[in-house]
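Please work through the following exercises with the sequence and the model at hand. Each task is followed by a solution in steps.

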Amino acid sequence: MVRLLATPVSVMIVLFARAITAVRAVWPESGVASRRVVYFANHSSHGDFILIWTVLPPRLRRRTRPVAGADYWLKSRLNAFIGRDIFNAVLIERDREKRSEDPIAQMTAALDAGFSLILFPEGTRNLTEAPLQPFKSGLFHLAQARPDIDLVPVWINNLNRVLPKGEIVPIPLICTVTFGEALRIGAGEDKAAFLMRAGAALLTLSPKPPGNGE
């Protein structure tokens, strides 16, 4: 029964997300990546991965799994149905003491099975005034483990205003999801240099404030 419900509910979620946000994808000059990749994005709302998933072409959407916190997506039957059954999320236990699996092993297993991933390197929602929080080390370790996988930066704009923290009723506003050119870890590149480069690639996709001369 759960599997029978998952497909129609996923269609409803896509239609609802589009109706509320009028979301528009902005693709790089190289176009849509047709192979498995890791999309890494800024994180300001629990709906972030839903918006990325929504704008992907259906053939890619079916082969893309978000990486999300198990503590949130398994805390209720509804959350578990959405996170596990509809989106087939790779659920990571964020509390190290409660982990029974290595998060990098979970993600590489999904990649090896032919799936793309949606990852949020900040680790938690950004509720600060800064455009990005410092990246956690997960993206670096994943890139080290699978250096042949393309890493695609993705900037989600305006979703934090559609669904602010603590709100359950979304506010209709136009959102964009901007995809950048893929990058890979360099041979011998250390963690600090790689994460700085990945963060810079993501920030270049963010909307420029008015009056900056662009």
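The exercises below concern a predicted model and proceed from the whole chain to salt bridges and then to helices.

**Exercise 1. The chain as a whole**

Task: State how many helices and strands the chain has, and what share of its residues counts as buried.

Solution. 
Step 1. Nine helices and seven strands make up the count for the chain.
Step 2. The chain has 214 residues, and 47% of them count as buried.
Step 3. Among contacts with a separation of 6 or more, 73% come from residues 24 or more positions apart.
Step 4. The accessible surface amounts to about 11600 Å², with carbon and sulfur atoms contributing 57%.

**Exercise 2. A network of charged side chains**

Task: Determine which residues form salt bridges with Asp150, and where in the chain the partners lie.

Solution. 
Step 1. Side chains of opposite charge can pair when their charged atoms come close.
Step 2. A search of the whole structure gives five salt bridges. One of them joins Arg35 to Asp150, with 2.5 Å between the closest N and O atoms. Arg35 belongs to the loop between strand E1 (24-26) and strand E2 (37-41), while Asp150 belongs to strand E6 (residues 150-157); the pair links distant parts of the chain, 115 residues apart.
Step 3. Asp150 also forms a salt bridge with Arg184, where the closest N and O atoms are 2.6 Å apart. Arg184 is in the loop between strand E7 (176-179) and helix H9 (191-203) and Asp150 is in strand E6, so this pair ties together parts 34 residues apart in sequence.
Step 4. The cut-off for a buried residue is under 20% relative accessible area. Asp150, at 9%, therefore counts as buried. Arg35 is partly exposed at 47%, and Arg184 is partly exposed at 40%.
Step 5. A further salt bridge brings together the side chains of Arg197 and Glu189, at 2.7 Å from N to O. Here Arg197 is partly exposed, with 33% relative accessibility, whereas Glu189 is buried, with 17%.
Step 6. Through shared partners, salt bridges join Arg35, Asp150 and Arg184 into one network.

**Exercise 3. The buried side of helix H7**

Task: Identify the buried residues of helix H7 (residues 138-145) and explain why they are on the same side of the helix.

Solution. 
Step 1. Leu139, Phe140, Leu142 and Ala143 are the buried residues of H7.
Step 2. These residues lie on the same side of H7 because they cover an arc of only 165 degrees around the axis.
Step 3. An α-helix has 3.6 residues a turn, so residues three or four places apart point the same way.
Step 4. The cover over the buried residues of H7 includes E2, helix H6 (103-112), strand E5 (116-119), E6 and H9.

Definitions and conventions:
Residues numbered from 1 in each chain as written. Predicted model: local features only at pLDDT ≥ 70, side-chain atom pairs only at ≥ 80, totals over all residues. Heavy atoms only, no water. Helix = DSSP H or I, 4+ residues; strand = E, 2+ residues; numbered from the N terminus. Buried < 20%, exposed > 50% of the residue type's maximum accessible area, 1.4 Å probe, protein only. Contact = heavy atoms within 4.5 Å. Areas by Shrake-Rupley, 256 points an atom, 1.4 Å probe, with all protein chains shown as cover. Salt bridge = Lys/Arg side-chain N within 4 Å of Asp/Glu carboxyl O. Arc of directions from axis to C-beta.
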